[in-house]
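Subject: Handover of a structure

Dear colleague,

Please find below the structure that I am handing over to you. I would be grateful if you could read the notes after it with the structure open.

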Amino acid sequence: MSIYLIRHGKTEANEKRLYCGSTDLPLSDAGREELQSLTYAITPERFVTSGMKRANETLQILFGNVPFSVDSRFREVDFGVFEMKSYEMLKDNPDYQDWISGDNEANVPPGGESGIQMTRRVLEAYSELPDGTALVTHGGVIAAIMASLFPEAGKHRYQWQPPNGYGYEIHGGTYRPIP
């Protein structure tokens, strides 16, 4: 059996390169179109999403009107006061500079959570997923899972983040990109 990790389709925030974690955005028109061109040759037994609009819409476009459960522990990292802002908008903000300097995993944005905090809640939820589950979630969530499961690959968390609509199949101690 396998577990399938699938990143939601593009949103307006993705297109504009905005920090978007806790904001509940729908897919953009381009995101919907891109997902409709993908074909997943997998047969999950069950489906789970983060419960956010972009994840739920992605599930429906890729797999149709299937029953699914929601686990909010699979939500993206909360960027706090930096939510829905770009680097250009924030680059002169001292709080932002403090956040992006030093240990990016440990630093907490004002009003948000650190990468370490997000990874902890995600891994707890992941440990409860039964085989045969397709999880439609977020890039940072998938990256945190992959970096934790496959440290021998030598990639940091951001290098594991798949493109929108793509992800990984995890089977035993191996993985492969999907679709």
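This is a predicted model: local features need pLDDT of at least 70, side-chain atom pairs count only at pLDDT 80 or more; totals for chains, interfaces and linings use all residues.

Residues are numbered from 1 along each chain as its sequence is written, and side-chain values use heavy atoms, with hydrogens and water left out.

**The sheet**

Helices (H or I, at least four residues) and strands (E, at least two) are DSSP runs, numbered from the N terminus. An open sheet is formed by 6 strands in the order E3-E2-E4-E1-E5-E6, with mixed pairing; two strands pair if DSSP finds at least two bridges between them. Strand E3 (69–70) and E6 are the edge strands, each pairing on one side only.

Strand E1 (residues 3–7) runs antiparallel to E5 and is joined to it by 4 bridges. Leucine 5 has tyrosine 168 in E5 as its bridge partner, and isoleucine 6 stands opposite glycine 167 in E5. E5 also pairs with strand E6 (residues 174–178), in the antiparallel sense, over 5 bridges. Here histidine 171 stands opposite threonine 174 in E6. The two strands E5 and E6 form a hairpin with 2 residues between them, and glycine 172 in the turn has a positive phi of about 60 degrees.

Strand E5 (residues 167–171) has 4 of its 5 residues buried, so it is largely enclosed by the rest of the structure. Buried means under 20% relative accessible area, exposed over 50%, and partly exposed in between (1.4 Å probe, protein chains only).

Angles run from 0 to 180 degrees between N-to-C directions, and axes are lines fitted to C-alpha atoms, for helices over the stretch in contact. Of the 11 residues of H7, 8 are buried, so H7 is largely enclosed by the rest of the structure. These buried residues pack against E1, H6, strand E4 (133–137), E5 and E6.

Helix H2 (residues 29–36) packs with helix H3 (residues 53–63) at an angle of about 30 degrees, their axes being 9 Å apart. The contact (heavy atoms within 4.5 Å) involves Arg32, Leu35 and Gln36 of H2 and Glu57, Thr58, Ile61 and Leu62 of H3.

**The nonpolar cores**

A nonpolar core is a set of buried Ala, Val, Leu, Ile, Met, Phe, Trp, Tyr and Cys residues joined through side-chain atoms within 4.5 Å. The largest has 26 residues, and Leu5, Phe74, Tyr126, Ile145 and Met146 have the most contacts inside it. E1, helix H5 (94–100), helix H6 (115–126), helix H7 (139–149) and E5 each supply at least two residues of this core. H7 gives the most, with 6 residues. Another core, of 15 residues, lies apart from it and includes Leu35, Tyr40, Ala55 and Ile178.

**A loop residue**

Serine 22 lies in the loop between helix H1 (12–16) and H2. Its relative accessibility is 37%, so serine 22 counts as partly exposed. Leaving aside neighbours within four places in sequence, serine 22 is in contact with Met52, Val77, Asp78 and Glu83.

Yours sincerely
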